[in-house]
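The sequence and structure are shown first.

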Amino acid sequence: MQRIPEEKIDEIRSQVDIVDVVGNYVQLKKQGRNYTGLCPFHGEKTPSFSVSPEKQIFHCFGCGKGGNVFSFLMQIDGLSFVESVKKVADLAHIPLDVAISQGDSSPGNKPDSQESKMIEIHQLASKLYHYLLMETEEGQEALQYLLDRGMSEQELDHFEIGFAPAHASTVTTFLKKREVDLALAVESGLLTERDDGEVVDRFRNRIMFPIKNDRGQLVGFSGRLFNQEDGPKYLNSPETPIFNKRNILYHFSDARQEIRKKEEILLLEGYMDVISSVSATFSNGVASMGTSLTEEHVQMIRRVTNRAIICYDGDRAGIEASFKAGTMLAEQHRLEVFVLQLPNGKDPDDFIRSEGAEKFAEIYTHQRLTWTAFKLQFFKRNRNLQNETDKIAYLGEALAEIGKLDQAVERELYLKQLGSEFDLSMEALKQQLQQTVVVKPKPHDYGGPPPESYGEYPSYEGDGGPVYEQFSFAQPSGVPSAGLTSEKRLLKYMLEDRDAFIQIRNLLEEHQTDFYHDNYKALYTHLIGFYASGNDANPLALMDQLKDDMARNLVSELEMMTVNTDVSIEEYQDYVQSLTKSSIERDIKEKEQALLTATQQGDIPAALELARTITTMRATMKNTP
C-alpha cells in the first residue's frame, strides 16, 4: 500500500472547504461564525450539528461525532482514510496517483465486514443483470419492452438497469464460480433457500432496478414483471442488514447535489417516474420503495432541503398518498410543500413520455399548487357541493385551513377565492373565520418546547399567528464541574500550541497530577506521541492520525470551544491546581464511603484510621491554592 506523504495530505485538505463538502450531505445554515444543520449520523429534529469554516472541522453536540473533512467522508460514505483523501483530491482537482488496497487498515475502513461483502455481492450481480439485458439474446424481450416504453440505451446504462432470466440458478452459478459465500448471498437477500436446502435465485424473469442507499452503495434490487401476470408487479429485496425500505429513497444519493442546487426535492412514486424526470432534466427526483413516506425518509429530506414538490400518480390512490405525504412534511415537520397534479390522472412517466419534457417543466414551474391550495381541492373530493349540507361542511374545513396560515395576504387570497366560488361576501367569510380559528396563546402562555422545525421558534406577536424566527444555536445545557472545565481548557491549549503543551506537561508532572476522564487521558497520551514525532500544533493533522473515534470526536469538541487566547502560565497553573483539588475531592468521597462501611460493620480501628485520613486530606485541599 503506497503511503501518502503528510505534505500532500495537508495540501489536499487545505484546498477544499469542509463547508462545501459537508453541504453536499447536510443542509447548512449560517449561524454566527459557524454553519449548523441536522446531524447526518443520528436522527434529530432540531439541529445540533456544527461546521466551522475557520477551524475546518465538524462536531455534533448531540451524538458527539466530529472530525475534519477526511473523517466526515469516512463516516458518511464508509470510506477508508486513503479513499477519503482521494475523494477530496478529486474535488480539489489535485492529481493523486495512489492505489487503494483492500488491505488498507486506516481508520474507518472495514473491508472484511459482512455488510461490505454483501454490497460487493450486489455489485457483482448488478453487472451480470445489466450484461444479460444489454448484450444477450435472453434479455432481448425485456430490452425491447423498455425501448418500446420510450427508454433510451443511455438511460438503461445510467441507471444500470438489468434483467434476471427465468432460470432458477443463473446468479447462483455465477457467484459459485467466483467463490462467493452463498450463505451470505442468501442473508443479503439476493438468493433464497428452498425448503429442501437448495439455494436458488430470488429474482427470475424480471427487469432489475438496482437500489442504492444514501451513501451510493448498492444494497438491494427491485424486480419488475414485464411479460406475465403471475406474481407481484414489483418484487423488492427483503429486509437485510444492508437493506431497509424505511431508510431508502430511490436515486437519493445521485439526486442530492441537484436537490441542493434547486433547493427542493421532487417526490415521485416509482422508479420509471424517477428515470423519466431525470431525462426531463429534473435530477432532483426520488421515490420511496413502494411504501408510504416514513419518518426516516423525512429526516433524510430535511438534511438537504426545506422544500418538497410532490408529484404522485393522478389516480385516487396517488392523490390520497399526496395528502398523507404532504401532511407529514408540511404539518408535522414544517417543510414548504407544493403538489403537482398532471392532467388526465397520468403518472409522471407516462406524461413525460407522451407530452414531453417541456410540458412537464411548465407544470413543474408555473402550475404547482401550494399545500393549502391542494388541501382545499382535496377536501372537495367525495362532496356534492350542490348539496347545502356538504357545501357548509366543506366551507368549515376550508376556513379551518385558511385560519392556520400565518400571513394575512395569504388568508385574504384564499378567502377571495372562496367568496368568488360560492358567491359569499368577504365580511361573512371573515366573521366565520374568526369563529372557526382557535385563539393562539400569548407569549406568557407558551410553556412548551419550540416546535420541532428546522431552526425556528415561535414568537406570538401581532394578529397574524406565530411568526417564526431564526434559532440561536447553543450547546446542550448543563454546568460542567470545575475539574472537567479545567481538563477541557488545558487540552485545548495543548492542542493549539506546542509551547503550551510543554508548559502544561511540566506543571502536571510538578503537581503529580493527571487527567481524570479516560477520553481526556487518552488524548493527552496521543498528544505526547504527536509532539514527540516532531509535529507542530495541528489539530487537523492529529485527527488524521487518530484511529480512536472517541479521541477524534473529543478533538472536534475542544476545537469548537471559545477560550481566551492570551493566556499566562499562571492561568495554566490554576487549571492544574483545579485538577489536583478535584482528585483530592474524589479520594475524600471514596474514603467517606469506606468510613461508612467500616462503621456499619463495627470495625472501629479502621473507622478511626479513615477518619484521621479524611481530616488530613481536607486540610491538604484547604491549603491548595
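With which residue does Lys 212 form a salt bridge? The partner is Glu 160, and the closest N and O atoms are 3.7 Å apart. The model discussed here is predicted.

## The Lys 212 and Glu 160 pair

The salt bridge between Lys 212 and Glu 160 links distant parts of the chain, 52 residues apart. Lys 212 belongs to strand S9 (residues 206–212), whereas Glu 160 lies in the loop between H7 and strand S6 (162–164).

Lys 212 is partly exposed, with a relative accessible area of 25%. Glu 160 also counts as partly exposed, at 29% relative accessibility.

## Salt bridges around Asp 349

The structure holds 35 salt bridges. One of them joins Asp 349 to Arg 149, with the closest N and O atoms 2.6 Å apart. Because Asp 349 lies in helix H14 (residues 348–355) and Arg 149 in the loop between helix H6 (140–148) and helix H7 (153–158), the pair ties together parts that are 200 residues apart in sequence. Asp 349 has a relative accessible area of 2% and is therefore buried, while Arg 149, at 24%, counts as partly exposed.

Asp 349 also forms a salt bridge with Arg 353, whose closest N and O atoms are 3.1 Å apart. These two residues are four apart in helix H14, so about one helical turn separates Arg 353 from Asp 349. Arg 353 is partly exposed, with a relative accessible area of 26%.

## A network of charged residues

Salt bridges also link Lys 55, Lys 492, Glu 496 and Glu 559 in a network. In general, side chains of opposite charge can pair when their charged atoms come close.

## Helix H17

Helix H17 (residues 388–402) has 15 residues. From its first C-alpha to its last, H17 reaches 21 Å, close to the 21 Å expected at 1.5 Å a residue. At the start of H17, a side-chain oxygen of Asn 387 comes to within 2.8 Å of the backbone nitrogen of Thr 389.

Which residues of H17 are buried? They are Tyr 394, Leu 395, Ala 398, Leu 399, Glu 401 and Ile 402. These residues lie on the same side of H17 because they cover an arc of only 155° around the axis. Their cover includes helix H13 (316–332), helix H16 (371–380), helix H18 (408–422) and helix H19 (426–436). On the face turned away from the buried side, H17 carries the exposed residues Thr 389 and Ile 392.

Terms used. Residues numbered from 1 in each chain as written. Predicted model: local features only at pLDDT ≥ 70, side-chain atom pairs only at ≥ 80, totals over all residues. Heavy atoms only, no water. Expected span 1.5 Å × (residues − 1). Buried < 20%, exposed > 50% of the residue type's maximum accessible area, 1.4 Å probe, protein only. Arc of directions from axis to C-beta. Contact = heavy atoms within 4.5 Å. Polar contact = N/O pair within 3.5 Å; in protein donor to acceptor, adjacent residues only side chain to side chain. Salt bridge = Lys/Arg side-chain N within 4 Å of Asp/Glu carboxyl O.
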